[in-house]
Amino acid sequence: MQMSSNAILTKVRAIFGQRLTAADYAQMARKKDVGEVAAYLKEHSSYRRALRDIRETEVHRGRLEALLKKDTFYKYVALHRYDFSGIDFYNYILVRAEIDAILERIAALSSGGKGAFIADLPSYLMHRVSFSMKALADAGSFEAVLSCLAGTPYQKLLAGLPLGAGGRPDSLLCEHALYSYYYQYMFQSVDRDFSGKARQQLREIFLCEIDVRNFETIYRLRHIYKKPPEEVRPLLYPYQGALKASAREAMLQTAEAGEMLRLAKLFKGEGTPDGSFIELLTHRYRFRFGKKKLRFATDAPVAMYAFLALRSMEVQNIITIIEGVRYQIPQAEILSLLIQ
């Protein structure tokens with residue numbers, strides 16, 4: 001067990017040591033097109049293996065993004081091979097992938113369209129998840145989604161939710177139900193499988209994620225959409241880390257952005273962001289938190305969870321750069337939108 005733990009720690013630190021730097025981001029942000037960004041990644045980064053078969057002159061944005069996300073999943077698979085404990089904790093990435101796929105399909109139904117999900121089926125997950133991704137992609141109604149999820153915990157979670165206009169599901173209610181299940185799954189798994197410092201640090205990482213989700217929910221629904229507190233409160237997760245329950249309740253009583261930031265006490269030294277960029281503020285908070293946890297991690301599950309979260313944020317940075325280059329946004333503006 002200790003040998004496998006040491007192997008995971010060593011591998012995680014080796015991969016994280018190859019992460020993109022500020023200089024790499026600056027180089028990519030001054031490229032002329034998506035093909036040049038892909039060429040840079042193939043030559044200068046730990047993504048070179050994932051991108052080795054693409055042709056820079058032919059690659060398009062969607063294909064490049066799919067390969068980058070697929071690479072993160074296969075990093076998880078590679079790290080998981082070093083674990084011989086047989087515990088369920090490391091299956092969390094599949095649970096999260098399932099939830100995100102369901103929410104993507106529901107979002108498309110809620111907007112009245114089929115969305116791009118069918119074209120972007122994650123084939124590398126097709127035989128690993130607990131329901132048919134193909135059936136989910138083909139589901140043309142909420143009832144069809146529920147049918148696809150038969151026999152999974154997700155069906156029961158979603159079946160009792162009220163529907164909105166036209167019989168369409170409420171995306172916010174669905175997200176809250178599914179992620180409530182996810183965090184319950186994570187806390188139960190950690191409390192069952194770990195003890196001591198590993199359990200404590202994993203719980204702290206989850207609570208950081210939940211703090212961010214709760215802050216974003218209050219900020220968006222109260223400040224931007226002016227929803228009353230009684231409509232927002234049921235969408236919050238009943239856990240508290242650095243964002244205390246008393247602070248959340250105080251935030252619910254105001255719709256002013258600066259006051260929310262002051263009450264939250266999470267983002268010291270940060271200015272009041274434009275509402276559309278609130279996630280940039282919260283993701284940077286999570287990035288700094290995760291980076292610190294990884295730096296001092298002595299337990300494999302802590303290092304692996306923190307690393308994969310940071311890797312996903314790095315992929316999001318690359319996608320931001322790709323979008324910026326595609327629409328010829330100035331380099332300085334692109335760099336200002338990165339999570340670092």
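This is a predicted model: local features need pLDDT of at least 70, side-chain atom pairs count only at pLDDT 80 or more; totals for chains, interfaces and linings use all residues.
Residues are numbered from 1 along each chain as its sequence is written, and side-chain values use heavy atoms, with hydrogens and water left out. Local features require pLDDT of at least 70 and side-chain atom pairs count only at pLDDT 80 or more, whereas totals for chains, interfaces and linings use all residues.

Helices are DSSP runs of H or I with at least four residues, numbered from the N terminus. Helix H10 (residues 196-224) comprises 29 residues and reaches 41 Å from its first C-alpha to its last, close to the 42 Å expected at 1.5 Å a residue; the expected span is 1.5 Å times one less than the number of residues. The axes of H10 and helix H14 (residues 278-295) come within 10 Å and cross at roughly 175°, where axes are lines fitted to C-alpha atoms over the stretch in contact and angles run from 0 to 180 degrees between N-to-C directions. The two helices H10 and H14 are therefore roughly antiparallel, a term applied to angles over 145 degrees. Contacts (heavy atoms within 4.5 Å) involve residues of H10 including Ile205, Val212 and Phe215, and residues of H14 including Ile278, Tyr285 and Phe289. By class, the contact of H10 with H14 has eight nonpolar, three polar and seven charged residues; Ala, Val, Leu, Ile, Met, Phe, Trp, Tyr, Cys and Pro count as nonpolar, Asp, Glu, Lys and Arg as charged, and the others, Gly among them, as polar.

A salt bridge is defined as a side-chain nitrogen of Lys or Arg within 4 Å of a carboxyl oxygen of Asp or Glu, and 19 are counted by this rule. One of them joins Arg220 and Glu279, with an N to O distance of 2.2 Å. Arg220 belongs to H10 and Glu279 to H14, so this pair ties together parts that are 59 residues apart in sequence. Arg220 is partly exposed at 26% relative accessibility, the categories being buried under 20% relative accessible area, exposed over 50% and partly exposed in between (1.4 Å probe, protein chains only). In helix H15, Glu314 and Arg311 lie three residues apart, about one turn of the helix. Their closest N and O atoms are 3.8 Å apart in a salt bridge, and both Glu314 and Arg311 are buried.

Positive phi values occur at Lys265, near 60°, and at Gln328, about 55°. Lys265 lies in the loop between helix H13 and H14 and is exposed at 65%.

Note on methods: Angles under 35 degrees count as roughly parallel, over 145 as roughly antiparallel, 65 to 115 as roughly perpendicular and the rest as oblique.
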